[in-house]
Amino acid sequence: MFALVDGNNFYVSCERLFRPELNGQPVVVLSNNDGCIISRSNEAKALGIKMGVPYFKVTDLIEQEKVAVFSSNYTLYADISARLMNNLARFTPEVEVYSIDECFLTFKGMENLHTYAHYLRESVIQNTGIPVSVGLGPTKTLAKLANKIAKKSTSGVCVLDTEEAITKATQIFPIADLWGIGRAYQVKLELEGITTAAQLRAKPEQWIKHQLTIQGVRLWHELWGRTCIPLKEVLERKQAICTSRSFGKLTSNLYELIEATTAYASRLAEKLRADTSCATVLTVQLLTNRFRKDLAQYNPAISLALSHPINNTPDIVKASVKGLKSIYDPRFQYSKVAVIVTGLIPEQEVQLNLFTEWNGPKHNQVSELLDRINQYYGSGTLRLASEGFRKRWAMKRENVSPNYTTDWGDILRVC
């Protein structure tokens, strides 16, 4: 049996964890630059606030209903996610972290799955404070389906362990909510009169293959309890890594763009080292605001082949700033810079170039020092000078919460 454990309204739950007075109150979390609503409490949903709606469109409703508003704090959410996943790993050795708030588990040879699922949920809530829903099924697709049903139940648990339970669940489950069915397939299936998972399940395999290709056939088999999507216990090595965030304001200032590029490139280098990968190609892209029709648009990009595979901060930053300067045009107002690395290879498979200078050992030592100090004292404690201090370009975060679990200065004090 597969289980899918999902944190309920995860970003909101993380904020409420340290603000218990907000339990039972409407709460929303905003995207980067406080642009759109990306997480809502059940109370906020009941007010009619939609997922993804621009914040400025519901400001009046939020003020009228006294909705608590938070800017996104991904540092906090990532740390709480790690604690959640570590707790789940106590219940079975076979675990797949599917997203920041979702985790697949497998239970083999276990009896009393209903009791165990409730025990798992209660233990996780007690240990982390994050409310979760638990869905169990013989395949990952059915576990995902069960989890959506569990979210709407008072118990927070749904177990599809019999054909009768699976049939009953699929009969009421909308095709639009089925894992793997996107908007285009939803429209296509509804035109064929298929509106529930049971109706899709009832179709012949050949019809599914013709209408939905091989991916749809796998989905169809999964709905019948035949495993086609295995558990991924080992994460696949990334093929590319990107760091990019919108600025808090438009800017054409080269020095501000260099600061932002340095900050993003430094973060990118940290991600590379965490993945034990080295990059062979680096791309820098500048973007203007495509929604500002009154401003000229310019979205240049450049890819640089690196002379050596690298993951150290000084070399990544140097290459990024070089790329930025080559595409920069002072006539335009920029809203975002993106730094991307591709052609990733494992650290232990790096081959050097005999015909170019290599300062890897020295720069690697600098990067190791950066990592050690920042891990101990907090992210950004030690950084390259070109990253700047004032950061006028930094994204808008007017309602950001403290980093309660990752910054010594933000740890709650109990008097």
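**Close-up views of a predicted model**

**Figure 1. Helix H11 meets helix H12.** Ten residues' side of this contact comes from H11: Leu254, Leu257, Ile258, Thr261, Thr262, Ala265, Ser266, Ala269, Leu272 and Arg273. Facing them in H12 are Thr313, Ile316, Val317, Ser320, Val321, Leu324 and Lys325. The residues of this contact divide into ten nonpolar, five polar and two charged. The model shown here is predicted. H11 spans residues 254–274, and H12 spans residues 313–327. Their axes come within 8 Å and cross at roughly 140°. Angles over 145 degrees would count as roughly antiparallel. H11 and H12 are therefore oblique to each other. Their crossing is right-handed.

**Figure 2. Helix H4 packs against helix H5.** Two packed helices are described by the angle between their axes and the distance between the axes. For H4 and H5, the angle is about 140° and the axes are 10 Å apart. That makes H4 oblique to H5. The crossing of H4 and H5 is right-handed. H4 brings Arg83, Leu84, Asn87 and Leu88 to the contact. H5, residues 113–128, brings Leu120, Val124, Asn127 and Thr128. By type, the residues of the contact are four nonpolar, three polar and one charged.

**Figure 3. Helix H1 and its cover.** How many of the nine residues of H1 are buried? Eight are, so H1 is largely enclosed by the rest of the structure. The buried residues are Phe10, Tyr11, Val12, Ser13, Cys14, Glu15, Arg16 and Phe18. Strands E1, E2 (27–30), E3 (37–40) and E4 are among the cover. So are helix H2 (42–46) and helix H4 (74–88).

**Figure 4. Ser13 within helix H1.** Ser13 lies in helix H1. Is Ser13 buried or exposed? Its relative accessibility is 8%, so Ser13 counts as buried. The cut-off for buried is under 20%. Leaving out residues up to four places away in sequence, Ser13 touches Asn8, Ile130 and Pro131.

Figure 5. The structure holds 18 aromatic pairs. One of these pairs is formed by Tyr298 and Tyr334, with ring centres 6.4 Å apart. Their planes stand at 50°, so the pair is tilted. This pair links distant parts of the chain, 36 residues apart. Tyr298 sits in the loop between strand E10 (277–288) and strand E11 (301–310). Tyr334 sits in strand E12, residues 334–342. Tyr298 is partly exposed, with a relative accessible area of 25%. Tyr334, at 0% relative accessibility, counts as buried. Another pair is Tyr376 with Tyr377. Those ring centres are 4.7 Å apart and the planes stand at 75°, so this pair is edge-to-face. Tyr376 counts as exposed, at 53% relative accessibility. Ring pairs also link Phe10, Tyr11, Tyr74 and Tyr77 into a cluster.

**Figure 6. Two loop residues with positive phi.** Most residues other than glycine have a negative phi. Asn9 has a positive value, near 45°. Asn9 is placed in the loop between strand E1 (2–7) and helix H1 (10–18). Lys66 has a positive phi too, near 55°. Where does Lys66 lie? Lys66 is in the loop between helix H3 (59–64) and strand E4 (68–71). Lys66 is exposed, with a relative accessible area of 73%.

**Figure 7. Ile302 and its contacts.** Ile302 lies in strand E11. At 23% relative accessibility, Ile302 counts as partly exposed. Which residues does Ile302 contact, leaving aside its neighbours within four places in sequence? They are Leu282, Thr283, Val284, Gly323, Ser326 and Ile327. Ser320 is 18 residues from Ile302 along the chain. The C-alpha atoms of Ile302 and Ser320 are separated by 9.8 Å. Ser320 is also one of the H12 residues that meet H11.

Terms used:
Residues numbered from 1 in each chain as written. Predicted model: local features only at pLDDT ≥ 70, side-chain atom pairs only at ≥ 80, totals over all residues. Heavy atoms only, no water. Axes fitted to C-alpha atoms, helices over the stretch in contact; angles between N-to-C directions. Helix = DSSP H or I, 4+ residues; strand = E, 2+ residues; numbered from the N terminus. Parallel < 35°, antiparallel > 145°, perpendicular 65-115°, else oblique. Left-handed = near helix turned anticlockwise from the far one by under 90°. Contact = heavy atoms within 4.5 Å. Nonpolar A, V, L, I, M, F, W, Y, C, P; charged D, E, K, R; others polar. Phe/Tyr/Trp six-rings, centres within 6.5 Å; stacked < 30°, edge-to-face > 60°. Buried < 20%, exposed > 50% of the residue type's maximum accessible area, 1.4 Å probe, protein only.
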